[in-house]
Amino acid sequence: GDIPIGYYGTSNVGQAKRVYRNGLVHRYGARMQTISGIHYNWSIGGATTVNGALRPNSAPTDSTSRLTFGSTLALAGSTTFDIDGGNYTGVTVSTASSLSYGGSLHVNFGGATVAGTYDLFNFDTLSGGTFSALSFGGTFTTPTWTTLNGVWTGVSDGYAFEFSEASGDLLVSAIPEPSAAALLAGVLGLGGAGLRRRRRAA
């Protein structure tokens, strides 16, 4: 039979993921994709409330695995994501179902740090709630968070972090070293001075 392609919701990010995987199937074939990138997508049907601990995958080996809930998901305990060198398993709440935040969120970082956007939660409808705490483990210490309208921002060990409850994404970006920033400002300044000289000469 046919090998199905993962479904990631109707959001722009979810549709982009599906289009990307469709392209890989056309290029390499579904069977080759299954063999070369073995990962597991688990689905749980029915409305779910997690009062205890939710940890999708403590040893991720790729960045495409998802734990999918087929109906409403309410988080009330502790939710932990493990990010290892850019690999992680995210949570998807199926179309026409809602996600409600609650309890605490913890992220363990391992391996080499990969800057980028981590789609921790993929959903169409956020029915409310908020996390009481957001903590880190592994490579990074927990930042001193600033929270505004469901957006958590903080800095830790040379990286800036932003978690948006509205999108479910964790953004990780490297902060340039002060010397690198000064060098870049100097180069831009010299370029601007040279441009002004050329304009005067003309």
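Me: How many bridges join β10 to strand β17?
Reply: Four bridges join β10 to β17 (residues 169-174), and the two strands run antiparallel. Strands here are DSSP runs of E with at least two residues, helices are runs of H or I with at least four, and both are numbered from the N terminus. Two strands count as paired if DSSP finds at least two bridges between them.

Me: What am I looking at, and what are the thresholds?
Reply: This is a predicted model, in which local features need pLDDT of at least 70 and side-chain atom pairs count only at pLDDT 80 or more, while totals for chains, interfaces and linings use all residues. Residues are numbered from 1 along each chain as its sequence is written, and side-chain values use heavy atoms, with hydrogens and water left out.

Me: Back to β10. Which residue is the bridge partner of Tyr 118 in β17?
Reply: Leu 170 is the partner of Tyr 118.

Me: What is the strand order in the open sheet?
Reply: The order is β10-β17-β16-β15-β14, five strands with antiparallel pairing. β10 (116-119) and β14 (146-148) are the edge strands and have a single partner strand each, so one side of each has no neighbour in the sheet.

Me: Switching to charges. How many salt bridges are there?
Reply: Two, where a salt bridge is a side-chain nitrogen of Lys or Arg within 4 Å of a carboxyl oxygen of Asp or Glu. One of them joins the side chains of Arg 55 and Asp 82, 2.8 Å from N to O. Arg 55 is in the loop between β3 (53-54) and β4 (66-69) and Asp 82 is in strand β6 (residues 78-84), so this pair ties together parts 27 residues apart in sequence.

Me: Arg 55 and Asp 82: buried or exposed?
Reply: Arg 55 is partly exposed at 45% relative accessibility, whereas Asp 82 is buried at 8%. Buried means under 20% relative accessible area, exposed over 50%, and partly exposed in between (1.4 Å probe, protein chains only).

Me: Which residue does Asp 119 form a salt bridge with?
Reply: Asp 119 pairs with Arg 66, and their closest N and O atoms are 3.9 Å apart. Asp 119 belongs to strand β10 and Arg 66 to strand β4, so the link spans parts 53 residues apart in sequence. Asp 119 is buried at 5% relative accessibility, and Arg 66 is buried at 3%.

Me: How many aromatic pairs?
Reply: The count is 16, with rings of Phe, Tyr and Trp (its six-membered ring) pairing if their centres lie within 6.5 Å; planes under 30 degrees apart are stacked, over 60 edge-to-face, and the rest tilted. Among them, Phe 109 and Phe 136 have ring centres 5.1 Å apart and planes at 80°, so that pair is edge-to-face. Phe 109 lies in strand β9 (residues 104-110) and Phe 136 in strand β13 (residues 133-138), so the pair connects parts 27 residues apart in sequence. Phe 109 is buried at 8% relative accessibility, and Phe 136 is buried at 6%.

Me: Which residues form the aromatic cluster with Phe 109 and Phe 136?
Reply: Phe 140, Trp 145, Trp 152, Tyr 159 and Phe 161 form one cluster with Phe 109 and Phe 136.

Me: Last one. What does Thr 89 touch?
Reply: Leaving out residues up to four places away in sequence, Thr 89 touches Pro 56, Asn 57, Pro 60, Ser 65, Arg 66, Leu 67 and Phe 81; contact means heavy atoms within 4.5 Å. The side chain of Thr 89 makes a polar contact with the side chain of Asn 57 at 3.2 Å. A polar contact is a pair of N or O atoms within 3.5 Å; within protein, one must be able to donate a hydrogen and the other to accept it, and residues adjacent in sequence count only if both atoms are side-chain atoms. Thr 89 lies in the loop between β6 and β7 (90-93) and is buried, at 7% relative accessible area.
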